[in-house]
Amino acid sequence: MSPDKYIKNYIDGALVPALSTNYIDNVNPAIGQVYSHIPDSDTDDVQRAYEAAERAFPTWSKMGMQKRFRILARLADIIEQNLDDFAAAESIDSGKPFKTALSIDIPRAHQNIRFFATAILHFASESHHMEGEAVNFTLRQPIGIVGCISPWNLPLYLFTWKIAPALAAGNCVVAKPSEITPMTAYMLSKACIEAGLPNGVLNIVHGEGPKAGQAIIEHPKIKAISFTGGTNTGRKIAATAAPMFKKLSLELGGKNPNIIFADCDFDQMILTTLRSSFSNNGQICLCGSRIYVERPIYERFKEEFVKKTQLMKVGDPFSEVTDLGAISSKAHLEKIINCINLAEVEGGNMLCGSNEPLRMKGEYEQGYFLRPVVFEGLPIDCRTNQEEIFGPVVTITPFDTEEEVLAYANSTDYGLSATVWTKDISRAQRISESLQAGIVWVNCWLLRDLRTPFGGVKHSGVGREGGLEALRFFTEPKNVCIKY
Ligand code: NDP
């Protein structure tokens, strides 16, 4: 299953160009050059996708979950059988290390599909008995045609996290991956054809967010939107969709605290904190970018953490020894560099890294590489500590008391996730209850059980994905009351 130079939309079971026949360039961020082209879709393509989905809906929604399960399970198997091809494509498209795509992104993509294919078989609704009078039962029916829009940081991983529950629940989907990382969604289209997914059940429209994406949001008959991306885009989407009374799930940005108490398992904490800071170049909404360390171990932490950060290998995404590949796009690299410059203006002391891109030699000379950056000495309320950077940049700050660090942790507009390191179980419980976050990890990070609710509070989003929450989102509850 090889990537093509000209990506196509997947509409009504066929691979087709945009109706305008226009294309947008797709850049390989590790070499800084165009390597393929994406359909520049617009409202007309979205309308075509919607009509195909509408035609497919009566059959798909009534097909029965056993049949839907079998098709989706076949789709998951095809991705797994083509693991290397998908991982290579993901690495080239996004700049992430091949080994990361091979061990995390693509396995999670087929797990997502398999998880929701089976979850629908166990999904049940409630009944409420009014003794001697009536029985109520809740039907959980598919919504109809739904829109799914995903970002570039974990391309196939997040794309499948949305479309799998939507399809398993019996909906038909119009979906758009990020224009920055469209390749594995295109390969998924081919896998859907091979798996025998009926025409029109899933339609993938490529193109720019404000054009193709906005057309999905604005479509009057697309009844629900599941979106993952930046908080500002989420705000725009809500402004369009809420007055149309669409069901909305918004998974948005984060500025996650990593709280380290002196009684933690230091070695385990350091290794995990390197991962939670710099995995995928810090381009994971769950990365912990504000690190608060209890004062008795602050200096030891600083020394070890900076030393280990400096040893991280940046470069060739296909090398086994690479820790950090390329930043996903030139525009994003420039944004991160602006954030680093701002941190210096705000009085930050850069302990390692640079505000200059890392210039590689040979094939990767024009690629978008950056060394990981650690700052200290920044005020809690400065922009660097309050706004999402979404890059390999963290700040470290000492603290003295639990109350103080809780105030620091809860000081931002965001509330996606938080990490706590301590061996004191009572403190872990106390802090977890008081943190303003949708997800708290204690003595670990990114340990995910797909059955658990996933999402944020405050400006990090509305609604929850994961497990039965996702199936609830993608179904409409209808109460039926029968008097007897
Ligand atoms: P964006 O918000 O820029 O884009 C996300 C998706 O929305 C892309 O497919 C984009 O298309 C599309 N889009 C952009 N504008 C519109 C619009 N007006 N209408 C409809 N769709 C639109 O986010 P990024 O891709 O830059 O992703 C990074 C952000 O995602 C970070 O803030 C990160 O925290 C967040 N994120 C949140 C997660 C969570 O679970 N809470 C998980 C992962 C990331 P295109 O790219 O083609 O323009």
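A polar backbone atom of glycine 207 lies 3.3 Å from an oxygen atom of the ligand, a polar contact being a pair of N or O atoms within 3.5 Å. The model is predicted, and local features need pLDDT of at least 70, side-chain atom pairs count only at pLDDT 80 or more, and totals for chains, interfaces and linings use all residues. Residues are numbered from 1 along each chain as its sequence is written, and side-chain values use heavy atoms, with hydrogens and water left out.

Glycine 229 likewise places a polar backbone atom 3.3 Å from a ligand oxygen. For threonine 233, an N or O atom of the side chain is 2.6 Å from an oxygen atom of the ligand. On its own the ligand has 900 Å² of accessible area, of which the protein covers 90% (Shrake-Rupley method, 1.4 Å probe).

The shell around the ligand holds 32 residues, and Ser150, Thr233, Leu252, Cys285 and Glu388 come nearest (a residue is near if one of its heavy atoms lies within 4 Å). By class, 14 are nonpolar, 13 polar and five charged; Asp, Glu, Lys and Arg count as charged, and Gly is among the polar residues.

Which element gives the most to the shell around the ligand? The answer is α7, with five residues; helices are DSSP runs (H or I) of at least four residues. Finally, the ligand lies between domain 1 (9–252 + 460–483) and domain 2 (256–451), because both give residues to its shell; the bounds come from an automatic or database domain assignment.

How values were computed. Polar contact = N/O pair within 3.5 Å; in protein donor to acceptor, adjacent residues only side chain to side chain. Helix = DSSP H or I, 4+ residues; strand = E, 2+ residues; numbered from the N terminus.
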